[in-house]
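This briefing sets out what can be read from the structure shown below.

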Amino acid sequence: MINSEEPNAGPDDATVERIVSEGPSGAIALAGIATAIVVLIWVLFYLFVFIPRSG
């Protein structure tokens, strides 16, 4: 056989628990930044498009 060694069993339970306990902080940060950008664009659109047209 070409691969006579057994494949790695994967990470142990302690490693998985440690990773899961740290939480999805990167995803939450990315969602927060994206939301802030959308709100900023909406406010700028409101200030520079809707306000001048109403006056």
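Predicted model: local features only at pLDDT ≥ 70, side-chain atom pairs only at ≥ 80, totals over all residues.

Trp42 and Tyr46 are both part of helix α2, four residues apart, which is about one turn of the helix. The protein has two helices and zero strands, and buried residues account for 0% of its 55 residues.

**Aromatic pairs**

- The structure contains three aromatic pairs.
- The ring centres of Trp42 and Tyr46 are 5.8 Å apart and the ring planes meet at 10 degrees, so this pair is stacked, the cut-off being planes under 30 degrees apart.
- Trp42 is exposed, because its relative accessible area of 55% is over 50%.
- Tyr46, with a relative accessible area of 39%, is partly exposed.
- The rings of Phe45 and Phe50 have centres 5.5 Å apart and planes at 85 degrees; this pair is therefore edge-to-face, a class that requires planes over 60 degrees apart.
- Phe45 counts as partly exposed at 44% relative accessibility, and Phe50 is likewise partly exposed, with a relative accessible area of 46%.
- Ring pairs join Trp42, Phe45, Tyr46 and Phe50 into a cluster.

**Helix α2**

- The 30 residues of α2 should span 44 Å at 1.5 Å a residue, and the C-alpha atoms at its ends are 42 Å apart, which agrees with that expectation.
- A bend of about 30 degrees occurs in α2 at Tyr46, the residue whose ring stacks with that of Trp42.
- Leu47 also belongs to helix α2, which covers residues 25-54.

**Nonpolar surface**

- A nonpolar surface patch of about 1100 Å² is made by Val39, Leu40, Trp42, Val43, Leu44, Phe45, Tyr46, Leu47, Phe48, Phe50 and Ile51.
- The patch includes Trp42, Phe45, Tyr46 and Phe50, which are the residues of the aromatic cluster.
- The accessible surface of the whole protein comes to about 5400 Å², and carbon and sulfur atoms contribute 68% of this surface.

**Helix α1 and its salt bridge**

- Helix α1 consists of 10 residues, numbered 13-22, and lies largely in the open because the number of buried residues in it is zero.
- One salt bridge is present in the structure.
- This salt bridge links Arg18 with Glu22, and the closest N and O atoms are 3.5 Å apart.
- Both Arg18 and Glu22 lie in helix α1, with a spacing of four residues, or about one turn of the helix.
- Arg18 counts as partly exposed at 46% relative accessibility, whereas Glu22, at 55%, counts as exposed.
- Gly23 follows α1 and has a positive phi, near 80 degrees.

**Points to check against the display**

- Where does α2 bend? The bend is at Tyr46 and amounts to about 30 degrees.
- Which residues form the salt bridge? The partners are Arg18 and Glu22.
- Is the Phe45 and Phe50 pair stacked or edge-to-face? With planes at 85 degrees, the pair is edge-to-face.

How values were computed. Residues numbered from 1 in each chain as written. Heavy atoms only, no water. Patch = residues over 30% accessible without salt bridge, like charges linked within 9 Å, V, L, I, M, F, W, Y side chains within 5 Å. Areas by Shrake-Rupley, 256 points an atom, 1.4 Å probe, with all protein chains shown as cover. Salt bridge = Lys/Arg side-chain N within 4 Å of Asp/Glu carboxyl O. Buried < 20%, exposed > 50% of the residue type's maximum accessible area, 1.4 Å probe, protein only. Phe/Tyr/Trp six-rings, centres within 6.5 Å; stacked < 30°, edge-to-face > 60°. Expected span 1.5 Å × (residues − 1). Bend = angle between axes of the 7 residues up to and from the residue.
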